Amino acid sequence: MAAWAVVFDSRADFAAKAPHLQDAAELEASNTAYAETGERMNGISLEPTSAAVDGDAAVVTYNVLFAGNAAYEDLTGEVVLVNGTWMVTPETYCGFLATARTPCRQRAVN
């Protein structure tokens with residue numbers, strides 16, 4: 001749940017997010033755009049409320065906060081366990097950024 005919270009905190013430093021974001025280097029520009037969107041909203045954060053772990057994946061239930069106030073509640077997203085570290089996939093990250101009307105560039109899958 002901590003990985004989820006830091007990755008989706010618009011005010012968190014990218015260096016803190018990168019260890020929990022798959023293909024982080026390819027998403028850094030998208031993260032910059034998300035931070036700018038967050039500034040216009042006085043901060044965007046995703047507050048995890050629970051997680052259901054199933055092997056190397058977990059479904060996180062969370063609330064979306066704008067300026068510290070709940071705007072959307074009881075949404076879900078997935079994290080995966082990679083080499084002992086919980087990570088947000090590019091698809092999950094970009095999926096949320098799309099809902100925040102923030103462009104997201106991820107690498108093409110061949």
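I began with Thr102, which lies in the segment after helix 4. Helices here are DSSP runs of H or I with at least four residues, strands are E runs of at least two, and both are numbered from the N terminus. The model is predicted, so local features need pLDDT of at least 70 and side-chain atom pairs count only at pLDDT 80 or more, while totals for chains, interfaces and linings use all residues. Residues are numbered from 1 along each chain as its sequence is written, and side-chain values use heavy atoms, with hydrogens and water left out.

Leaving out residues up to four places away in sequence, Thr102 touches Ser30, Ala33, Tyr34, Thr37 and Leu97 (contact means heavy atoms within 4.5 Å).

Next I looked up Tyr93.

I then turned to the largest nonpolar core, which has 23 residues; Phe8, Leu46, Tyr93 and Phe96 touch the most other members. Helix 1 (2–7), helix 3 (24–40), strand 1 (44–54), strand 2 (57–66) and helix 4 (90–99) each give it two or more residues. Such a core is a set of buried Ala, Val, Leu, Ile, Met, Phe, Trp, Tyr and Cys residues joined through side-chain atoms within 4.5 Å.

Four strands form an open, antiparallel sheet in the order 1-2-3-4, with strand 1 and strand 4 (85–87) at the edges. Strands pair if DSSP finds at least two bridges between them; ten bridges join strand 1 to strand 2.

Definitions and conventions
Buried means under 20% relative accessible area, exposed over 50%, partly exposed in between (1.4 Å probe, protein chains only).
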